[in-house]
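These notebook entries record what I looked up in one structure.

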Amino acid sequence: DNSDISTLSLNSSSKSSTVMITNLPLSMMESQLSDLLHSIDITPLQSNIIHNRKTNTKFAFVSYESNEKAQQVINELNCIEVFGNEIQLRLANEGVKGDPEANITIMGLNDDISARNIFDLLNVIGQVVSVKRPVSRQGLKLNYAFVQFKEKQAAHNAIHLLNSQSIKGTKLKAEIYKTPEVRFKEKDENLFVIRNITNTVDCNAFSEEIKLVADDLHIVADKNGKNRRMIFGRIKENHSRLEIVNLCEKFSPPETANKIICEKCLPRRELHKKRSEESKKNWLSRKNRNVFIRGFPKEYGEEEVKKLCQEYGTIESVFVSQNYRDPNNEKSCGWAYVLFETEEMAQSAIEILNGMFIGHCTINATIALTPEQRKEKFSNRKVFTKKNHNYGEFHKAIKMFDLENRKD
């Protein structure tokens, strides 16, 4: 009983002297963390690494005898680089979020200025809670960082210092952190994006024409399709968006599906909202024309499915599932979506195909469900499997029974 009471009192007293370490490398082990913590003169009471497999991140909790020692460890180790990651240290009882008015954004950073340099420089002005410098998907450090102070006045003093002096020969710009919505409202209305640039378009010649009416051009790969590119830029003064639209029509290929599009730049949330609305409209336009076919032989590919369905009407598009387990012998997983020109063609194809035998396979054809209907269907299936723990075992038994009957 006495040991339990002493343990509880130790945990309650050490709550304020527990340090949380985030952004740890995934390859870091307990022994390596222990070596790092013992590299300074302050010895920790205990440490524990936690691997969050859902977000695929690692963090640790380290407890010390007093709050002063914990703060000293933070000043010594915060923002140092460990195996390519700039680790973040803070007191565990301070929480994750700080005061938004004490958070500043620093722009114009280069590779010579590290997060530790920023921490050492600004920690003299006031207590720095965290310094975060975002990294691109390729692992490259971006040219801006976020610094969270404990007090608002320290944040304002840091902004004055960074805007008035150069750091390592680099002129920086600092301001109070703004949300993405506020930043976009303050952005220039002349920002634009050009999408759907295929490989058939001479991108160099197109960009040279765009440079006559726009600045700050950035050519990037389009996430929505392979072998497609996008151009971001800002329209010059005394020029209009109509000139860029005319250039897009000039360089667009004759196919309407590959037409180059010029749009106004939108913030990420509005862009997601717009794309979801467009996808809903597309589904509504082909709601009763899109047929879901399953059960055909896995040796069937796109051409075979087209031959199977083209007798019942004009086909606009075919999507066949790909088989990655055995691609040499099987072209698909046995299901596909076929979009017909009219609803009558789709209905006649369903009536004829449904129940058709091809070899030992029986075809099942229905109107394709919308994304919302599919989501609801599969969510209900998950609930059913959770409530009935023997659901999977029951189906395994049925499969084994079928295999035994086939052998006989």
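**Entry 1: Nonpolar cores**

I looked up the largest nonpolar core, which has 24 residues, and found that Ile-104, Ile-106, Ile-118, Leu-122, Val-147 and Phe-149 touch the most other members. At least two residues of this core come from each of β7 (103-107), α4, β8 (128-132), β9 (144-149) and α5 (152-164). The most is given by α5, with six residues. I note the rule for a nonpolar core: a set of buried Ala, Val, Leu, Ile, Met, Phe, Trp, Tyr and Cys residues joined through side-chain atoms within 4.5 Å. Buried means under 20% relative accessible area, exposed means over 50%, and partly exposed lies in between (1.4 Å probe, protein chains only). Helices (H or I, at least four residues) and strands (E, at least two) are DSSP runs, numbered from the N terminus.

The model is predicted: local features need pLDDT of at least 70 and side-chain atom pairs count only at pLDDT 80 or more, while totals for chains, interfaces and linings use all residues. Residues are numbered from 1 along each chain as its sequence is written, and side-chain values use heavy atoms, with hydrogens and water left out.

Neighbours within four places in sequence aside, Ile-106 is in contact with Ile-118, Leu-122, Asn-143, Tyr-144, Ala-145, Val-147, Leu-162, Leu-172, Lys-173 and Ala-174. Another core, of 21 residues, lies apart from the largest one, and Ile-21, Ile-40, Val-62 and Leu-89 are among its members.

**Entry 2: Helix α8**

Which residues of α8 are buried? I found Ile-244, Leu-247, Cys-248 and Phe-251. Seen down the axis of α8, these buried residues fall within an arc of 105° (taken from the directions from the helix axis to the C-beta atoms), so they line one face of the helix. They pack against β13 (191-198), α7, β15 and β16 (261-264). The face of α8 turned away from the buried side carries the exposed residues Leu-242 and Lys-250.

**Entry 3: Salt bridges**

Side chains of opposite charge can pair when their charged atoms come close. I counted a salt bridge where a side-chain nitrogen of Lys or Arg is within 4 Å of a carboxyl oxygen of Asp or Glu. The count by this rule is 14 salt bridges.

One of them joins Glu-209 and Lys-250, at 3.7 Å from N to O. This pair links distant parts of the chain, 41 residues apart: Glu-209 is in helix α7 (residues 203-211) and Lys-250 in helix α8 (residues 241-251). Glu-209 is partly exposed at 27% relative accessibility, and Lys-250 is exposed at 56%.

Lys-236 forms a salt bridge with Asp-215, with the closest N and O atoms 3.9 Å apart. Lys-236 lies in the loop between β15 (228-235) and α8, and Asp-215 in strand β14 (residues 214-221), so this pair ties together parts that are 21 residues apart in sequence. Both count as partly exposed: Lys-236 has a relative accessible area of 26%, and Asp-215 has 36%. I also noted a network in which salt bridges that share partners join Glu-81, Glu-86 and Lys-141.

Within helix α4 (residues 115-122), Asp-120 and Arg-116 lie four residues apart, about one turn of the helix. Their side chains meet in a salt bridge of 3.2 Å, N to O. Is Arg-116 buried or exposed? Arg-116 is buried, at 18% relative accessibility, whereas Asp-120 is partly exposed at 39%.

I looked up Ile-42 in the loop between α2 (30-37) and β2 (46-52). Ile-42 is buried, at 11% relative accessibility. Beyond its neighbours within four places in sequence, Ile-42 is in contact with Leu-37, Tyr-64, Lys-69, Gln-72 and Val-73. The C-alpha atoms of Ile-42 and Glu-65 are 9.6 Å apart, and 23 residues separate the two along the chain.

Gln-71 has its place in helix α3 (residues 67-77) and is buried, with a relative accessible area of 18%. Leaving aside neighbours within four places in sequence, I find Gln-71 in contact with Leu-91 and Gln-127.

**Entry 4: Cysteines**

How many disulfides does a search of the whole structure find? The search finds zero, with a disulfide taken as a pair of cysteine sulfur atoms within 2.5 Å.

Key. Contact = heavy atoms within 4.5 Å.
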